[in-house]
Amino acid sequence: EQEEEEVEEEEGWQRLYPGHIPTSPLQKALLAAGSAVMALCDPYRHDMVAVLGETTGCLALPNLRDKMRHHPEGYRILQERPRIRLSTLDMSRLRGLPDGSLGREYVRFLEDNKVSPDTRMPPKFVDDEELAYVIQRYREVHDLMHTLLGMPTNMLGEVVVKWFEAVQTGLPMCVLGAAFGPVRLSTRKLQVLATELVPWAIRSGLNASCVLNVYYEQRWEQPVESLREEIGIFPPP
Amino acid sequence: VYQVFESVAKKYDVMNDSMTLGIHRVWKDILVHKMNPTPGTVLLDVAGGTGDIAFRFINYVRSVRERQLQRKLKNHQSLSWQEIFESYQKDKFNSLGDSQVVVCDINREMLKVGKQKAQHLGYSEGLSWVLGNAEELPFDDDKFDVYTIAFGIRNVTRIDMALQEAYRVLKPGGRFLCLEFSHVSNPVLSRLYDLYSFQVIPVLGEVIAGDWKSYQYLVESIRQFPPQEELKAMIEDAGFFKVDYENLNFGIVAIHSGFKL
């Protein structure tokens with residue numbers, strides 16, 4: 001492996017962070033196309049959704065990073081690089097917080113839906129170390145989005161969150177997910193989606209300040225409703 | 001190398017089809033046709049994991065055997081139908097004509113996939129699955145009529161040892177056959193081939209198998225492998241005679257052959 005690194009440095013291709021796989025523009029294009037097709041064919045390939053996000057995010061990610069840089073809280077996040085993982089979270093403390101607080105509701109969400117923040121894919125194909133963190137932060141904050149929007153992890157809930165994220169981040173992967181996700185839903189659900197949920201998600205997304213600029217780890221005690229108001233997310237229907 | 005194939009085992013066949021656009025099947029067919037085995041041949045297929053060569057060998061031998069039986073019957077048209085029927089019973093248990101193939105692989109996962117495939121495709125007799133290392137085969141001397149290694153030898157750390165082992169376990173008169181990626185001398189094709197290998201194959205690995213690194217390793221190991229003439233010399237060094245090679249697809253793949261005399 002050391003030999004590989006030496007050769008790569010010679011060619012100007014460096015590993016910028018652990019897990020980084022440098023790729024040529026052609027490879028990125030092929031990856032984007034391939035991962036998009038694969039994600040549609042096999043919805044359980046979450047790794048393909050992740051790859052799609054990384055290979056198509058070249059415009060949206062710097063945009064997000066700049067939004068973070070120009071915001072005091074966002075700037076601190078970029079400096080301190082907090083990670084949301086089971087090992088860094090004090091689950092028992094969060095569980096002990098009062099009902100309605102961010103921490104308590106987040107833990108409730110994780111337990112009800114049987115998900116864990118540790119299953120997020122680490123970035124591989126982002127060619128900038130800071131942008132790799134930005135996309136990692138976006139992934140780790142996804143569950144908090146569910147909590148703030150009050151959406152479960154079923155197909156319908158995920159699509160709603162994707163619409164919100166698409167408006168907020170501009171990531172092509174979110175846009176594609178939001179557009180193609182509903183394909184697998186029943187007509188009844190599609191109706192609810194189209195008439196109530198999506199318009200609300202879009203309005204909230206547009207009205208809200210950048211969700212990546214919130215230092216969630218310092219706001220576990222804050223009531224969810226107050227945080228919603230502060231960010232600008234309208235109450236869920 | 002072991003870990004690479006552990007993760008690769010289940011998607012091995014799908015990946016082979018995608019990477020070579022199905023052409024690997026033709027290459028393997030050509031190998032077995034070149035072998036031209038007769039019923040009664042005992043084959044050792046090393047690094048044969050998922051059984052591609054073994055199944056082709058069995059199919060080939062079966063069809064040769066069928067033709068043999070048909071010819072025999074034609075010569076026996078004077079027999080009563082009672083006697084013809086009895087000869088069927090005898091030969092039914094011999095559709096392979098005592099041919100056997102031993103599939104040997106260092107990786108348990110690959111063997112497992114191979115066994116499942118065999119069951120799925122209906123191959124039962126004449127097949128044995130053995131765990132073993134090409135550099136140190138668990139077999140006695142002078143045991144096999146043919147030794148094949150298809151797309152396996154480039155993963156062996158000490159190729160010379162694998163060749164010596166091949167020589168050892170072959171019977172006198174036995175044949176060594178190696179199917180492997182080799183070097184393309186044509187400069188135009190070589191560049192296209194490199195482009196395809198380095199740009200497309202790892203992407204295929206990531207999209208289909210979720211594994212970029214194993215397929216990056218694959219492409220690099222192909223480049224590191226000795227070219228046709230060098231491999232020929234190595235095979236001669238192990239004691240084989242009449243060593244020759246045949247390029248397939250301009251050298252993307254080559255079949256090397258040698259005899260133990």
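# Close-up views of a two-chain predicted model

**View 1. B:Ser257 is buried, with a relative accessible area of 4%.** The model is predicted. B:Ser257 sits in strand β7 of chain B, which runs over residues 253-259. Its side chain makes a polar contact of 3.0 Å with the side chain of B:Arg175. Leaving out residues up to four places away in sequence, B:Ser257 touches B:Lys34, B:Arg175, B:Phe176, B:Leu177, B:Lys242, B:Val243 and B:Asp244.

**View 2. B:Lys117 forms salt bridges with B:Asp13 and with B:Asp52.** For B:Asp13, the closest N and O atoms are 3.0 Å apart. B:Asp13 belongs to helix α2 (residues 12-20) and B:Lys117 to helix α6 (residues 108-121), so this pair ties together parts of chain B that are 104 residues apart in sequence. For B:Asp52, the closest N and O atoms are 2.9 Å apart. That pair links helix α6 to helix α4 of chain B, across 65 residues. B:Lys117 is buried, at 16% relative accessible area. B:Asp52 is buried too, at 12%.

**View 3. B:Gln68 lies in helix α4 (residues 52-75) of chain B.** A polar contact of 2.9 Å joins its side chain to that of B:Arg65. B:Gly97 is 29 residues away along the chain, and the C-alpha atoms of B:Gln68 and B:Gly97 are separated by 9.8 Å.

**View 4. A:Glu129 and A:Arg81 meet in a salt bridge.** The N to O distance is 3.2 Å. A:Glu129 is in helix α8 of chain A, and A:Arg81 is in the loop between α5 (72-80) and α6 (91-96), so the pair ties together parts 48 residues apart in sequence. Both ends are partly exposed: A:Glu129 at 38% relative accessibility, A:Arg81 at 28%. Elsewhere in chain A, a network of salt bridges links A:Arg65, A:Asp66, A:Arg69 and A:Glu130. Over all chains, the structure holds 33 salt bridges.

**View 5. The largest nonpolar core has 59 residues.** Those with the most contacts inside this core are A:Leu148, A:Tyr216 and A:Ile231. Helix α8 (residues 129-149) of chain A gives the most to the core, with 11 residues. Apart from neighbours within four places in sequence, A:Ile231 is in contact with A:Leu148, A:Asn207, A:Ala208, A:Ser209, A:Val211, A:Val214 and A:Tyr216. A second, separate core has 33 residues, including B:Ile58, B:Val101, B:Leu127 and B:Phe181. In soluble globular proteins, nonpolar side chains tend to be buried together.

**View 6. At the interface, 14 residues of chain B are in contact with 18 residues of chain A.** The two chains bury about 1,200 Å² between them. Carbon and sulfur atoms account for 62% of that area. Six residue pairs are in polar contact between the chains, both residues being at pLDDT 80 or more. On the chain B side, α8 (187-209) and α9 (212-224) each supply at least two residues. Helix α8 of chain B gives the most, with nine residues. By class, the side of chain B that touches chain A has eight nonpolar, two polar and four charged residues. One salt bridge is found across the interface. A:Lys124 forms a salt bridge with B:Glu206, with the closest N and O atoms 3.2 Å apart.

Key:
Residues are numbered from 1 along each chain as its sequence is written. Chains are lettered from A and ligands numbered from 1 in the order in which they are written. This is a predicted model: local features need pLDDT of at least 70, side-chain atom pairs count only at pLDDT 80 or more; totals for chains, interfaces and linings use all residues. Side-chain values use heavy atoms; hydrogens and water are left out. Contact means heavy atoms within 4.5 Å. Buried area is the accessible area (1.4 Å probe) that two parts lose on being put together, summed over both. A salt bridge is a side-chain nitrogen of Lys or Arg within 4 Å of a carboxyl oxygen of Asp or Glu. A polar contact is a pair of N or O atoms within 3.5 Å; within protein, one must be able to donate a hydrogen and the other to accept it, and residues adjacent in sequence count only if both atoms are side-chain atoms. Helices (H or I, at least four residues) and strands (E, at least two) are DSSP runs, numbered from the N terminus. Ala, Val, Leu, Ile, Met, Phe, Trp, Tyr, Cys and Pro count as nonpolar, Asp, Glu, Lys and Arg as charged, and the others, Gly among them, as polar. A nonpolar core is a set of buried Ala, Val, Leu, Ile, Met, Phe, Trp, Tyr and Cys residues joined through side-chain atoms within 4.5 Å. Buried means under 20% relative accessible area, exposed over 50%, partly exposed in between (1.4 Å probe, protein chains only).
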